[in-house]
Amino acid sequence: GPSISTVLDEREREGFDLQQAANQTRETVVRTRTGQTIPVSLSGSPESMARQNAVARQYGLAFVRTSAELRRLAARGELVRLDGNADYEVVEEVSSRMARPEVKGFLEGFAAGYRKGCGERLVVTSLTRPRNRQPPNAHPLSVHPAGIAMDLRVSRRASCRRWLENTLLAMERKELLDVTREQSPPHYHVALFPDAYRVRVEEHEAEVQPVLALPAPAVAGVER
């Protein structure tokens, strides 16, 4: 995945600092490219869930219903496996280590920045979940079945929480993702917007040296 600075706006990249991210404001209101005014915060809302679901459907992503469907998408390359690396780990309890290729690219780049910024590995606690394996408290509009959502463990270190929260909110302001801090159980729910993320990476890949390249597009063989 690309470095964090790669996917930020040019003006933000010039002054972006991994350490200073921990001291920035955590809530604001922004106007989208279509003129819509939306709150940017960690609190979440019904509107936030509806937006995530609408983005997934706009991109034509399949909402996986069963483990068999998940395996078929994986066989076609629409979902890829995430095994972790030196910068992040996927906990053993995660039943499916699969996600969209863009999610893998994002996690690899974001985790590298996180480890550099606060000195510990990022921990992923959930990825793609088929609808028939969603927990009882899952939101009906959850995009975990669409493969664009990831849950991240809340660090015990305040400096790491600040870095993660403020960096994700900076990306939310750029309409690259939507982030919510959940309480039961405690975690960060992140829904990546694949097309917006890929476009931002492609726009800046020649200007900023990426940490890792985005995964190659699949060869067509064709909670929250």
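Let me start at one residue: just after helix 4, Gly 119 takes a positive phi of about 85°. Keep in mind that this is a predicted model.

So, confidence next. Mean pLDDT for the protein is 80, with 71% of the residues at 70 or more.

How far apart are the end C-alpha atoms of helix 4? They are 26 Å apart, and this agrees with expectation, because 18 residues at 1.5 Å a residue should span 26 Å. Helix 4 is also mostly covered, with 15 of its 18 residues buried.

Now the core. The largest nonpolar core has 34 residues, and those touching the most other members are Phe 106, Leu 107, Leu 122, Met 150, Leu 152 and Leu 164. Several elements give two or more residues to this core, including strand 4, strand 7, helix 5 and helix 6. Which element gives the most to this core? Helix 4 does, with seven residues. Take Leu 107 as an example: leaving aside residues up to four places away in sequence, Leu 107 touches Leu 82, Tyr 88, Leu 122, Val 124, Leu 127, Met 150 and Leu 152. Apart from this core lies another, of eight residues, among them Phe 63, Ile 148, Ala 149 and Ala 191.

Next, the disulfide. A search of the whole structure finds one. The partners are Cys 118 and Cys 160, with sulfur atoms 2.4 Å apart. The link is right-handed, at 105° about the S-S bond. Cys 118 lies in helix 4 and Cys 160 in helix 5, so the pair ties together parts that are 42 residues apart in sequence. Are these two cysteines, Cys 118 and Cys 160, buried or exposed? Both are buried.

Last, a loop residue. Ser 142 sits in the loop between strand 6 and strand 7. Ser 142 counts as buried because its relative accessibility is 3%, and the cut-off for buried is under 20%. The side chain of Ser 142 reaches the backbone nitrogen of His 144 at 3.2 Å.

That is the end of the talk.

Definitions and conventions: Residues are numbered from 1 along each chain as its sequence is written. Side-chain values use heavy atoms; hydrogens and water are left out. pLDDT is the predictor's confidence in each residue, from 0 to 100. A nonpolar core is a set of buried Ala, Val, Leu, Ile, Met, Phe, Trp, Tyr and Cys residues joined through side-chain atoms within 4.5 Å. Buried means under 20% relative accessible area, exposed over 50%, partly exposed in between (1.4 Å probe, protein chains only). Helices (H or I, at least four residues) and strands (E, at least two) are DSSP runs, numbered from the N terminus. Contact means heavy atoms within 4.5 Å. A polar contact is a pair of N or O atoms within 3.5 Å; within protein, one must be able to donate a hydrogen and the other to accept it, and residues adjacent in sequence count only if both atoms are side-chain atoms. The expected span of a helix is 1.5 Å times one less than its number of residues. A disulfide is a pair of cysteine sulfur atoms within 2.5 Å.
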